[in-house]
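Here are my notes on the model you sent.

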Amino acid sequence: MSKKLINITHLAAGLLSLSLLACQPQKDEQPQQIVDHPKDEVILSENSPKREYIKETIVELVQRPLMDPVTGKITYDETRTARVSSPIAGRVIGAIAALGMHVRTGNALVELDSPELGAAQSAYAEAMSDLNLANRAFQRIQELYDNGIAPRKEQEQAEDNLARARSEAERARLKLANLGSRPGRMDNRFILHAPISGVVTERNINPGMEVRSDLAAPLFVISDLSDLWVQIDLFEKDIGLIHVGTKVLLHVPAYPAESFMATVSYISQVVDETSRTVKVRCILPNADGRLLPAMFAAIEVQSDPDDLAVVVPLTALFTEDESDWLYVNIGEFHYQKRPVKVGLRLKDQAVILEGLKPGERLVIHGALLLRTEQDAEHQTGESAQ
(Lines give C-alpha, C1' and ligand atoms only; values in the text may rest on other atoms or scores of the structure.)
Protein backbone atom coordinates (compact mmCIF):
# COMPACT_ATOMS: atom_id res chain seq x y z
CA MET A 1 0.00 0.00 0.00
CA SER A 2 1.36 3.39 -0.90
CA LYS A 3 1.99 6.15 1.57
CA LYS A 4 -0.62 8.41 -0.09
CA LEU A 5 -3.38 5.76 0.30
CA ILE A 6 -2.60 5.36 4.03
CA ASN A 7 -2.97 9.10 4.67
CA ILE A 8 -6.39 9.19 2.98
CA THR A 9 -7.59 6.27 5.15
CA HIS A 10 -6.49 8.01 8.37
CA LEU A 11 -8.23 11.24 7.32
CA ALA A 12 -11.53 9.44 6.68
CA ALA A 13 -11.38 7.71 10.06
CA GLY A 14 -10.83 11.04 11.84
CA LEU A 15 -13.76 12.70 10.18
CA LEU A 16 -16.01 9.79 11.12
CA SER A 17 -14.93 10.06 14.78
CA LEU A 18 -15.67 13.80 14.87
CA SER A 19 -19.12 13.22 13.39
CA LEU A 20 -20.01 10.60 16.01
CA LEU A 21 -18.77 12.88 18.80
CA ALA A 22 -20.93 15.76 17.61
CA CYS A 23 -24.06 13.59 17.70
CA GLN A 24 -23.65 12.71 21.41
CA PRO A 25 -25.66 14.92 23.91
CA GLN A 26 -23.60 17.37 25.90
CA LYS A 27 -23.64 17.20 29.68
CA ASP A 28 -24.55 20.91 30.09
CA GLU A 29 -27.57 20.82 27.72
CA GLN A 30 -31.10 20.26 29.19
CA PRO A 31 -33.54 18.10 27.23
CA GLN A 32 -36.69 19.98 26.08
CA GLN A 33 -39.71 19.41 28.39
CA ILE A 34 -42.58 17.44 26.98
CA VAL A 35 -46.19 17.76 28.30
CA ASP A 36 -46.92 14.47 30.00
CA HIS A 37 -50.45 15.10 31.35
CA PRO A 38 -53.68 14.21 29.47
CA LYS A 39 -54.74 16.29 26.51
CA ASP A 40 -57.84 17.73 28.25
CA GLU A 41 -55.90 19.04 31.25
CA VAL A 42 -53.76 22.11 31.84
CA ILE A 43 -51.46 23.11 34.71
CA LEU A 44 -50.48 26.67 35.55
CA SER A 45 -46.98 26.97 36.97
CA GLU A 46 -46.34 28.65 40.31
CA ASN A 47 -44.97 31.80 38.71
CA SER A 48 -47.61 32.02 35.98
CA PRO A 49 -49.22 35.51 35.92
CA LYS A 50 -52.38 33.91 34.53
CA ARG A 51 -53.29 32.51 37.94
CA GLU A 52 -54.69 35.82 39.15
CA TYR A 53 -57.16 35.96 36.25
CA ILE A 54 -58.74 32.63 37.20
CA LYS A 55 -61.77 32.77 39.52
CA GLU A 56 -63.40 29.68 40.99
CA THR A 57 -66.37 28.69 43.10
CA ILE A 58 -67.50 25.57 44.95
CA VAL A 59 -70.39 23.87 43.16
CA GLU A 60 -73.52 23.64 45.33
CA LEU A 61 -77.04 22.37 44.84
CA VAL A 62 -79.60 25.20 44.67
CA GLN A 63 -83.30 25.44 43.92
CA ARG A 64 -83.81 24.76 40.24
CA PRO A 65 -84.71 27.93 38.27
CA LEU A 66 -87.84 27.62 36.16
CA MET A 67 -87.62 30.62 33.85
CA ASP A 68 -85.80 33.88 33.22
CA PRO A 69 -86.50 36.66 35.74
CA VAL A 70 -89.62 38.69 34.97
CA THR A 71 -90.54 42.25 35.87
CA GLY A 72 -93.25 42.94 38.43
CA LYS A 73 -94.70 45.89 40.29
CA ILE A 74 -95.29 46.25 44.02
CA THR A 75 -98.76 47.59 44.84
CA TYR A 76 -101.06 48.13 47.79
CA ASP A 77 -102.70 45.12 49.37
CA GLU A 78 -106.24 46.15 48.46
CA THR A 79 -107.71 44.12 51.31
CA ARG A 80 -105.77 46.40 53.70
CA THR A 81 -106.26 49.70 51.86
CA ALA A 82 -109.00 52.35 52.04
CA ARG A 83 -109.51 55.30 49.69
CA VAL A 84 -111.36 57.83 51.78
CA SER A 85 -113.72 60.45 50.34
CA SER A 86 -116.22 62.72 52.09
CA PRO A 87 -119.86 61.62 51.89
CA ILE A 88 -120.92 65.24 52.27
CA ALA A 89 -119.97 68.68 50.93
CA GLY A 90 -118.23 71.24 53.13
CA ARG A 91 -115.26 73.53 53.68
CA VAL A 92 -112.09 72.31 55.37
CA ILE A 93 -111.42 73.76 58.81
CA GLY A 94 -108.94 72.74 61.48
CA ALA A 95 -106.05 70.28 61.22
CA ILE A 96 -105.58 67.70 58.47
CA ALA A 97 -103.95 64.29 58.92
CA ALA A 98 -100.40 64.48 57.55
CA LEU A 99 -98.78 62.26 54.93
CA GLY A 100 -97.00 59.33 56.55
CA MET A 101 -99.07 59.62 59.71
CA HIS A 102 -100.07 56.37 61.41
CA VAL A 103 -103.78 56.36 62.21
CA ARG A 104 -106.12 53.94 63.91
CA THR A 105 -109.71 53.09 63.06
CA GLY A 106 -111.93 56.03 64.10
CA ASN A 107 -109.18 58.67 64.29
CA ALA A 108 -110.12 62.10 62.86
CA LEU A 109 -108.64 62.86 59.45
CA VAL A 110 -110.17 66.29 58.79
CA GLU A 111 -113.02 68.53 60.01
CA LEU A 112 -115.48 70.23 57.63
CA ASP A 113 -117.94 73.08 58.08
CA SER A 114 -120.92 71.56 56.26
CA PRO A 115 -124.28 73.29 55.79
CA GLU A 116 -125.44 70.01 54.28
CA LEU A 117 -124.83 68.33 57.62
CA GLY A 118 -126.74 71.15 59.33
CA ALA A 119 -129.68 70.52 57.01
CA ALA A 120 -129.57 66.80 57.86
CA GLN A 121 -129.48 67.58 61.59
CA SER A 122 -132.43 69.96 61.17
CA ALA A 123 -134.35 67.36 59.17
CA TYR A 124 -133.82 64.84 61.95
CA ALA A 125 -135.06 67.29 64.58
CA GLU A 126 -138.19 68.03 62.53
CA ALA A 127 -138.79 64.33 61.96
CA MET A 128 -138.58 63.66 65.70
CA SER A 129 -141.00 66.53 66.37
CA ASP A 130 -143.46 65.17 63.82
CA LEU A 131 -143.11 61.70 65.36
CA ASN A 132 -143.95 63.02 68.84
CA LEU A 133 -146.96 64.91 67.47
CA ALA A 134 -148.21 61.88 65.54
CA ASN A 135 -147.77 59.68 68.61
CA ARG A 136 -149.83 62.01 70.81
CA ALA A 137 -152.56 62.28 68.18
CA PHE A 138 -152.74 58.52 67.85
CA GLN A 139 -153.02 58.09 71.62
CA ARG A 140 -155.97 60.55 71.77
CA ILE A 141 -157.79 58.93 68.87
CA GLN A 142 -157.14 55.47 70.26
CA GLU A 143 -158.63 56.50 73.62
CA LEU A 144 -161.71 57.97 71.93
CA TYR A 145 -162.04 54.91 69.73
CA ASP A 146 -161.82 52.61 72.76
CA ASN A 147 -164.69 54.56 74.37
CA GLY A 148 -166.81 54.37 71.24
CA ILE A 149 -166.58 58.10 70.50
CA ALA A 150 -164.22 58.22 67.50
CA PRO A 151 -164.97 56.18 64.39
CA ARG A 152 -162.66 53.40 63.24
CA LYS A 153 -161.65 55.36 60.15
CA GLU A 154 -160.09 58.12 62.28
CA GLN A 155 -158.26 55.54 64.43
CA GLU A 156 -156.79 53.87 61.31
CA GLN A 157 -155.75 57.23 59.86
CA ALA A 158 -153.98 58.21 63.10
CA GLU A 159 -152.21 54.85 63.17
CA ASP A 160 -151.07 55.32 59.56
CA ASN A 161 -149.80 58.86 60.31
CA LEU A 162 -147.80 57.50 63.27
CA ALA A 163 -146.18 54.80 61.11
CA ARG A 164 -145.22 57.38 58.48
CA ALA A 165 -143.69 59.66 61.12
CA ARG A 166 -141.68 56.77 62.57
CA SER A 167 -140.36 55.86 59.15
CA GLU A 168 -139.32 59.44 58.39
CA ALA A 169 -137.60 59.81 61.77
CA GLU A 170 -135.69 56.56 61.25
CA ARG A 171 -134.61 57.68 57.77
CA ALA A 172 -133.31 60.98 59.17
CA ARG A 173 -131.53 59.15 62.00
CA LEU A 174 -129.83 56.70 59.63
CA LYS A 175 -128.60 59.58 57.46
CA LEU A 176 -127.01 61.24 60.48
CA ALA A 177 -125.49 57.92 61.54
CA ASN A 178 -124.06 57.46 58.04
CA LEU A 179 -122.43 60.89 58.31
CA GLY A 180 -121.01 60.01 61.70
CA SER A 181 -123.00 62.67 63.53
CA ARG A 182 -124.81 62.11 66.79
CA PRO A 183 -128.52 63.05 67.04
CA GLY A 184 -129.15 66.25 68.95
CA ARG A 185 -126.17 68.24 67.61
CA MET A 186 -126.74 71.37 65.50
CA ASP A 187 -123.21 72.67 64.78
CA ASN A 188 -122.59 71.92 61.07
CA ARG A 189 -119.29 70.28 62.08
CA PHE A 190 -118.54 67.10 60.15
CA ILE A 191 -115.51 64.98 61.09
CA LEU A 192 -114.13 62.50 58.55
CA HIS A 193 -112.86 59.42 60.41
CA ALA A 194 -110.31 56.77 59.38
CA PRO A 195 -112.17 53.58 58.41
CA ILE A 196 -109.10 51.35 58.99
CA SER A 197 -105.74 51.45 60.76
CA GLY A 198 -102.68 52.17 58.68
CA VAL A 199 -100.48 54.85 57.18
CA VAL A 200 -101.70 57.91 55.29
CA THR A 201 -99.92 57.29 52.00
CA GLU A 202 -101.75 59.85 49.83
CA ARG A 203 -103.47 63.16 50.62
CA ASN A 204 -105.44 65.31 48.17
CA ILE A 205 -106.82 67.95 50.51
CA ASN A 206 -105.64 71.39 51.68
CA PRO A 207 -106.75 73.94 54.29
CA GLY A 208 -109.83 75.91 53.27
CA MET A 209 -110.60 73.59 50.39
CA GLU A 210 -114.23 73.14 49.31
CA VAL A 211 -114.93 69.43 49.43
CA ARG A 212 -117.64 67.60 47.50
CA SER A 213 -118.77 64.00 47.59
CA ASP A 214 -118.25 63.55 43.83
CA LEU A 215 -114.53 64.41 43.62
CA ALA A 216 -112.64 62.08 41.30
CA ALA A 217 -109.62 61.57 43.57
CA PRO A 218 -109.98 60.34 47.17
CA LEU A 219 -109.10 62.81 49.90
CA PHE A 220 -106.91 60.24 51.66
CA VAL A 221 -105.45 56.81 50.94
CA ILE A 222 -104.80 54.77 54.07
CA SER A 223 -103.03 51.43 53.87
CA ASP A 224 -101.57 48.84 56.19
CA LEU A 225 -98.14 48.41 54.58
CA SER A 226 -97.13 45.38 56.64
CA ASP A 227 -98.23 43.29 53.65
CA LEU A 228 -98.08 44.31 50.00
CA TRP A 229 -99.04 42.78 46.67
CA VAL A 230 -96.77 42.03 43.73
CA GLN A 231 -98.43 42.09 40.31
CA ILE A 232 -96.79 40.02 37.53
CA ASP A 233 -97.74 39.57 33.87
CA LEU A 234 -96.59 36.04 33.05
CA PHE A 235 -96.49 34.63 29.51
CA GLU A 236 -99.04 31.90 28.96
CA LYS A 237 -96.30 29.39 28.06
CA ASP A 238 -94.94 29.69 31.61
CA ILE A 239 -98.22 29.40 33.52
CA GLY A 240 -97.81 25.64 33.92
CA LEU A 241 -94.61 26.22 35.91
CA ILE A 242 -96.35 27.93 38.84
CA HIS A 243 -99.26 27.36 41.17
CA VAL A 244 -100.84 29.03 44.18
CA GLY A 245 -98.23 28.78 46.92
CA THR A 246 -95.19 29.01 44.59
CA LYS A 247 -92.39 31.11 46.10
CA VAL A 248 -90.80 33.96 44.17
CA LEU A 249 -87.68 36.01 44.91
CA LEU A 250 -87.76 39.78 44.44
CA HIS A 251 -84.84 42.12 43.78
CA VAL A 252 -85.46 45.88 43.88
CA PRO A 253 -83.06 48.67 42.84
CA ALA A 254 -83.28 50.26 46.30
CA TYR A 255 -81.63 47.22 47.94
CA PRO A 256 -79.50 45.57 45.22
CA ALA A 257 -77.67 43.24 47.62
CA GLU A 258 -80.87 41.81 49.16
CA SER A 259 -83.70 39.57 48.04
CA PHE A 260 -87.28 39.38 49.33
CA MET A 261 -89.62 36.40 49.33
CA ALA A 262 -93.25 36.51 48.17
CA THR A 263 -95.90 33.83 47.65
CA VAL A 264 -98.25 33.40 44.69
CA SER A 265 -101.80 33.90 45.98
CA TYR A 266 -103.86 34.28 42.79
CA ILE A 267 -103.56 33.33 39.11
CA SER A 268 -106.00 34.94 36.70
CA GLN A 269 -108.30 32.70 34.68
CA VAL A 270 -108.08 34.97 31.62
CA VAL A 271 -105.29 35.39 29.04
CA ASP A 272 -104.74 38.88 27.66
CA GLU A 273 -105.27 38.47 23.92
CA THR A 274 -102.88 41.29 23.01
CA SER A 275 -99.85 40.47 25.16
CA ARG A 276 -100.59 36.73 25.62
CA THR A 277 -99.93 37.11 29.34
CA VAL A 278 -101.75 36.08 32.49
CA LYS A 279 -101.91 38.27 35.58
CA VAL A 280 -100.42 36.74 38.71
CA ARG A 281 -100.63 38.23 42.20
CA CYS A 282 -98.27 37.50 45.09
CA ILE A 283 -98.36 38.41 48.78
CA LEU A 284 -95.21 40.19 49.96
CA PRO A 285 -94.49 40.49 53.73
CA ASN A 286 -93.17 43.96 54.58
CA ALA A 287 -92.92 44.05 58.37
CA ASP A 288 -90.03 46.56 58.38
CA GLY A 289 -91.78 48.86 55.90
CA ARG A 290 -88.80 49.21 53.57
CA LEU A 291 -90.67 48.17 50.44
CA LEU A 292 -93.07 50.71 48.98
CA PRO A 293 -96.02 50.59 46.58
CA ALA A 294 -95.17 51.39 42.92
CA MET A 295 -91.64 49.96 43.19
CA PHE A 296 -90.56 47.81 40.26
CA ALA A 297 -88.89 44.47 40.96
CA ALA A 298 -87.03 41.72 39.12
CA ILE A 299 -88.71 38.46 40.06
CA GLU A 300 -87.31 34.94 40.02
CA VAL A 301 -89.88 32.16 40.14
CA GLN A 302 -88.67 29.40 42.46
CA SER A 303 -89.23 25.68 42.11
CA ASP A 304 -90.35 23.51 45.02
CA PRO A 305 -87.86 23.52 47.94
CA ASP A 306 -86.81 19.91 47.32
CA ASP A 307 -86.24 20.41 43.56
CA LEU A 308 -82.47 21.04 43.56
CA ALA A 309 -80.00 21.30 40.69
CA VAL A 310 -76.47 22.35 39.77
CA VAL A 311 -76.64 25.87 38.35
CA VAL A 312 -73.59 27.66 36.93
CA PRO A 313 -73.02 31.13 35.46
CA LEU A 314 -72.78 31.28 31.70
CA THR A 315 -69.26 32.71 32.04
CA ALA A 316 -68.11 29.22 33.08
CA LEU A 317 -69.27 27.61 29.82
CA PHE A 318 -67.76 27.64 26.35
CA THR A 319 -68.68 25.82 23.15
CA GLU A 320 -66.42 23.49 21.20
CA ASP A 321 -67.40 20.98 18.51
CA GLU A 322 -71.08 21.82 19.09
CA SER A 323 -70.78 20.72 22.74
CA ASP A 324 -70.65 22.63 26.03
CA TRP A 325 -67.51 22.50 28.13
CA LEU A 326 -66.12 23.92 31.36
CA TYR A 327 -62.99 23.67 33.49
CA VAL A 328 -62.78 22.09 36.95
CA ASN A 329 -59.84 22.51 39.35
CA ILE A 330 -58.76 18.95 40.22
CA GLY A 331 -55.62 19.96 42.11
CA GLU A 332 -53.33 22.88 42.79
CA PHE A 333 -53.97 24.94 39.65
CA HIS A 334 -54.42 21.69 37.76
CA TYR A 335 -57.50 22.10 35.56
CA GLN A 336 -59.53 19.52 33.70
CA LYS A 337 -61.56 20.40 30.62
CA ARG A 338 -64.87 18.58 30.92
CA PRO A 339 -67.94 18.19 28.65
CA VAL A 340 -71.32 18.84 30.30
CA LYS A 341 -74.96 18.44 29.37
CA VAL A 342 -76.89 21.69 29.75
CA GLY A 343 -80.61 21.83 30.50
CA LEU A 344 -82.44 25.14 30.88
CA ARG A 345 -80.29 28.02 29.67
CA LEU A 346 -81.26 31.42 31.09
CA LYS A 347 -80.03 34.95 30.56
CA ASP A 348 -76.94 34.64 32.77
CA GLN A 349 -76.93 31.07 34.09
CA ALA A 350 -77.57 27.49 33.05
CA VAL A 351 -78.73 24.25 34.67
CA ILE A 352 -76.17 21.43 34.38
CA LEU A 353 -77.78 18.01 33.98
CA GLU A 354 -74.62 15.89 33.64
CA GLY A 355 -70.84 16.31 34.02
CA LEU A 356 -70.54 18.35 37.21
CA LYS A 357 -71.07 17.39 40.85
CA PRO A 358 -71.56 19.37 44.07
CA GLY A 359 -68.32 20.07 45.93
CA GLU A 360 -66.15 20.42 42.83
CA ARG A 361 -64.20 23.61 42.16
CA LEU A 362 -65.59 25.25 39.04
CA VAL A 363 -63.81 27.94 37.03
CA ILE A 364 -66.33 30.74 36.55
CA HIS A 365 -63.95 33.30 35.04
CA GLY A 366 -60.95 32.55 32.84
CA ALA A 367 -62.13 29.41 31.03
CA LEU A 368 -61.10 30.77 27.62
CA LEU A 369 -57.69 31.72 29.04
CA LEU A 370 -57.17 28.12 30.20
CA ARG A 371 -58.30 26.85 26.82
CA THR A 372 -55.66 29.00 25.10
CA GLU A 373 -53.00 27.86 27.57
CA GLN A 374 -53.97 24.23 27.01
CA ASP A 375 -53.67 24.56 23.23
CA ALA A 376 -50.25 26.23 23.61
CA GLU A 377 -48.95 23.46 25.90
CA HIS A 378 -49.91 20.66 23.55
CA GLN A 379 -48.61 22.47 20.49
CA THR A 380 -45.26 22.75 22.31
CA GLY A 381 -45.38 19.09 23.25
CA GLU A 382 -46.12 17.97 19.70
CA SER A 383 -43.27 20.08 18.24
CA ALA A 384 -40.83 18.66 20.80
CA GLN A 385 -41.69 15.13 19.77
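1. Start with Ser268. Leaving aside residues up to four places away in sequence, Ser268 touches Val278 and Lys279. Ser268 sits in strand β15. Keep in mind throughout that this is a predicted model.

2. Is Ser268 buried or exposed? Its relative accessibility is 17%. Buried means under 20%, so Ser268 counts as buried. The Ser268 side chain also reaches the backbone nitrogen of Val270, at 3.1 Å.

3. Next, the overall make-up. The protein has four helices and 23 strands. Of its 385 residues, 35% are buried. Take the contacts between residues at least 6 apart in sequence: 75% of them join residues at least 24 apart.

4. Now the nonpolar interior. In soluble globular proteins, nonpolar side chains tend to be buried together. Here the largest nonpolar core has 34 residues. Which residues have the most contacts inside it? They are Leu109, Ile205 and Phe220. The elements giving two or more residues to this core are β5, β6 (90-96), β8, α2 (115-146), α3 (152-178), β9 and β12. Helix α2 provides the largest share, eight residues.

5. Ile205 deserves a look of its own. Not counting residues up to four places away in sequence, Ile205 touches Val92, Ile96, Val110, Val211, Leu219 and Phe220. Another core, of 28 residues, lies apart from the largest one. Its members include Met67, Val221, Leu228 and Phe260.

6. On to charges. How many salt bridges does the structure hold? There are 24.

7. Arg80 pairs with Asp224; their closest N and O atoms are 3.0 Å apart. Arg80 is partly exposed, at 29% relative accessible area. Asp224 is partly exposed too, at 25%. The pair also belongs to a network of salt bridges that links Asp77, Arg80, Asp224 and Asp227.

8. Arg189 and Asp113 meet through their side chains in a salt bridge, 3.3 Å from N to O. Here the partners come from strands: Arg189 from β9 (residues 189-193), Asp113 from β8 (residues 108-113). They are 76 residues apart, so this pair also links distant parts of the chain. Arg189 has a relative accessible area of 35% and is partly exposed. Asp113, at 22%, counts as partly exposed.

9. Arg276 forms a salt bridge with Glu236, with 2.9 Å between the closest N and O atoms. Where do the two residues lie? Arg276 is in the loop between β15 (260-271) and β16 (277-285). Glu236 is in the loop between β13 and β14 (247-251). They are 40 residues apart, and the pair links distant parts of the chain. Arg276 is partly exposed at 35% relative accessibility. Glu236 is partly exposed at 39%.

How values were computed: Residues are numbered from 1 along each chain as its sequence is written. This is a predicted model: local features need pLDDT of at least 70, side-chain atom pairs count only at pLDDT 80 or more; totals for chains, interfaces and linings use all residues. Side-chain values use heavy atoms; hydrogens and water are left out. A salt bridge is a side-chain nitrogen of Lys or Arg within 4 Å of a carboxyl oxygen of Asp or Glu. Buried means under 20% relative accessible area, exposed over 50%, partly exposed in between (1.4 Å probe, protein chains only). A polar contact is a pair of N or O atoms within 3.5 Å; within protein, one must be able to donate a hydrogen and the other to accept it, and residues adjacent in sequence count only if both atoms are side-chain atoms. Contact means heavy atoms within 4.5 Å. A nonpolar core is a set of buried Ala, Val, Leu, Ile, Met, Phe, Trp, Tyr and Cys residues joined through side-chain atoms within 4.5 Å.
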